[in-house]
Amino acid sequence: MCGIMGYVGPRDAAPILVDGLRRLEYRGYDSAGVAVCDGRSLVVRKAEGKLSRLADMLDADPIGGSAGIGHTRWATHGAPSDHNAHPHTDPSGEIAVVHNGIIENFIALKEELGAAGAVFASETDSEVLAHLVAQEYDGDLLEATRRAVARAKGAYALVVTSSREPGRIVAVRMISPLVVGLGDGEVFLASDIPAILHRTRDIMVVDNGEIVDVTVDGARLQTIDGRAVERDLLQITWDAAQAERGGHPHFMLKEIHEQPQAVTETLTGRLLDGDEVLLEEVHFPPGFARSLDRIWITACGTALHAGLVAKEVFEGLLRVPVEVAYAHELRYRDPLITPGSLTVAISQSGETADTLAAAYLAKERGSRLLAVTNVVGSTLSRTADDLLYTRAGPEIAVASTKAYMTMLVGEYLLALALGRERGALDSAAAAHLVAGLRTLPRVIEEALGREDEVRVLAEGFAGHEDAYFIGRGLDYAVAMEGSLKMKEISYLHSEAMPAGELKHGTLALVTEGTPVVVVLTQTATYDKTISALQEVKARHALTIALAYDDDTEIAKHADRVIRIPRVPDLLAPVPSIVPLQLLAYYVAAARGHDIDQPRNLAKSVTVE
Ligand code: G6P
């Protein structure tokens, strides 16, 4: 996730671009840059670090010119640095691009362009696009971009400009968002409406597979194969604060709704045809997966809960023992971590002090270290032998949602890769899992479609002071995360436990009306968990079951049912967590809490 901007009009482009990028910094902020056409040539300025560094550079040495493109980066390919910052140009410096998303076939394209003599200035996937447009260019930027895009595969948005055609910008949307703002004699392009809302309220949303040709006379929209498109303008009425949150009252709700897109990005380029998976920064030595005798998983908070899901998935698919350890515990144990094992450290930020300490310990003991993290270039990612970036984009709400979701999806990908290499997963089983993973963005979308039902349920929840979440196996892992979400933002006392454990003590706390959420997606233990539900029902608890759409039994047992779309049981944590995130959100909203910044908590805990 990155933020992109474009401007054509009568005014100086650079300040307008920087201002828009500032409003897009929530999409990434590890480097930024602009390219402005001064009428003769393109002037590019870019810098690693926060946007303020670029702004200072431009203040000290302004660039004139009334058309340009800009970018604020969230690294995916290539660490944050000046040379990996966008815009990228072709070798002549006549074509510049900014790009958000991933070019899946960039290695093949780099090889092809390299064989023809191209030299690259960055490690990014994006730079190939500048070369491709240059190669295709014969006097018409629109046609060159169209032909270049036909050679690139992936999910992305792209904005292109050229000194050969000053005052013209071409942009393409392939899944990643892109909007056009129409002002009075000027046109704006941006990843998201908040970047330009204070300039114009006339917004044209570019749809998937469309290309837009922008000049000072306006914006012409076409499908990528050249059919003209008429698009009604949207009149946006949000205020500035609402716009920043995509029209949602809180970042947390926005991020919950971003999950289908985030998962699309996690999967992009990683699922190949049939049963193969490509993890670009996981490089196990030959024979490693086969000889692997134990996997350690270490993390804190929500990331630890993603680790609980991974344990079930890895043990089930790989048939290898998995130990999940809180990082703050592991670091002070004398754990039996041995060479030949794999340690998976999971951390959204890659900066949690305890997780880092546990990761160092595992390395010291000779374990191979794999990081599942969202932040490229974080300390954890620089420490690890192998990397799986989750690509959730920046998460602003303290209570993690989309970062957790993409951790889950990353773990399935890892299980597939390890399972194939280990010989534990045959081709048919792998193909089945790959097919399931491909459905997840749609499945999450469907789960989000039940938001109103969850909101109604939350109203009945908000007056309580205690809640319990139970489940078995994968459902227990989900119960842990659902309960943590509830605690973090609603401040209800909430506990999660394996469904069979309740009767060994905690049942004493269940009284009339106590809400108990029972997660019931695992076929193998379904009947046993129903028994646990009946036990709390007998104590007059308010039982809320989370079950598949096609579960016709459950309504006979539970007081309320939250429905999720049917998926293979192994993938159930993905849809299951969505209503539990929403439930916590609406309970907290009903109680009037500061949802994005809950008391006493921090997004990233970099101290012990
Ligand atoms: C903090 C946050 C949690 C997060 C945990 C681990 O406690 O409030 O939401 O799960 O840190 O963070 P990490 O960045 O390592 O995933």
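How many cavities of 30 Å³ or more does a search of the whole structure find? The search returns one, a cavity being a set of points, on a 1 Å grid over the protein atoms alone, where a 1.4 Å probe fits but cannot get out. The structure is a predicted model, in which local features need pLDDT of at least 70 and side-chain atom pairs count only at pLDDT 80 or more, whereas totals for chains, interfaces and linings use all residues. Residues are numbered from 1 along each chain as its sequence is written, and side-chain values use heavy atoms, with hydrogens and water left out.

The largest cavity holds about 70 Å³ of space, a volume being the space filled by probe spheres set on the grid points, which are joined across faces, edges and corners. Its lining comprises 13 residues, of which C2, T76, H86, G101 and S126 are the closest to its centre; lining residues have an atom within 4 Å of a point. Two or more lining residues come from each of β4 (67-73) and β6 (95-103), and β6 provides the largest share, three residues. Helices (H or I, at least four residues) and strands (E, at least two) are DSSP runs, numbered from the N terminus. By class, the lining of the cavity contains three nonpolar, eight polar and two charged residues. Here Ala, Val, Leu, Ile, Met, Phe, Trp, Tyr, Cys and Pro count as nonpolar, Asp, Glu, Lys and Arg as charged, and the others, Gly among them, as polar.

H86 is also joined to P87 by a cis peptide bond, with omega near 0°. P87 is placed in the loop between β4 and β5 (88-89). Most peptide bonds are trans, and most residues other than glycine have a negative phi. R319, in the loop between α10 and β16 (322-326), has a positive phi, near 50°.

At least two lining residues are supplied by each of α7 (251-257), α8 (259-267) and α15 (427-448), with α8 giving the most, five residues. The lining of this pocket divides into 13 nonpolar, seven polar and nine charged residues.

The ligand sits in the second largest pocket, the criterion being that more than half of its atoms lie within 2 Å of the grid points. Around the ligand are 13 residues, of which S347, Q348, S349, T352 and A602 come nearest; a residue is included if one of its heavy atoms lies within 4 Å. Helix α10 (residues 301-318) contributes the largest share of this shell, three residues, and the shell consists of five nonpolar, six polar and two charged residues. Polar contacts (pairs of N or O atoms within 3.5 Å) to oxygen atoms of the ligand involve a side-chain N or O atom of S347 at 2.5 Å, a polar side-chain atom of S349 at 2.6 Å and a backbone N or O atom of T302 at 3.0 Å. The protein covers 89% of the 390 Å² of accessible area that the ligand has on its own, as computed by the Shrake-Rupley method with a 1.4 Å probe.

Technical notes: Polar contact = N/O pair within 3.5 Å; in protein donor to acceptor, adjacent residues only side chain to side chain. 1 Å grid on protein atoms, 1.4 Å probe; cavity = no way out; pocket = protein on both sides within 12 Å on 5 of 7 lines; lining within 4 Å.
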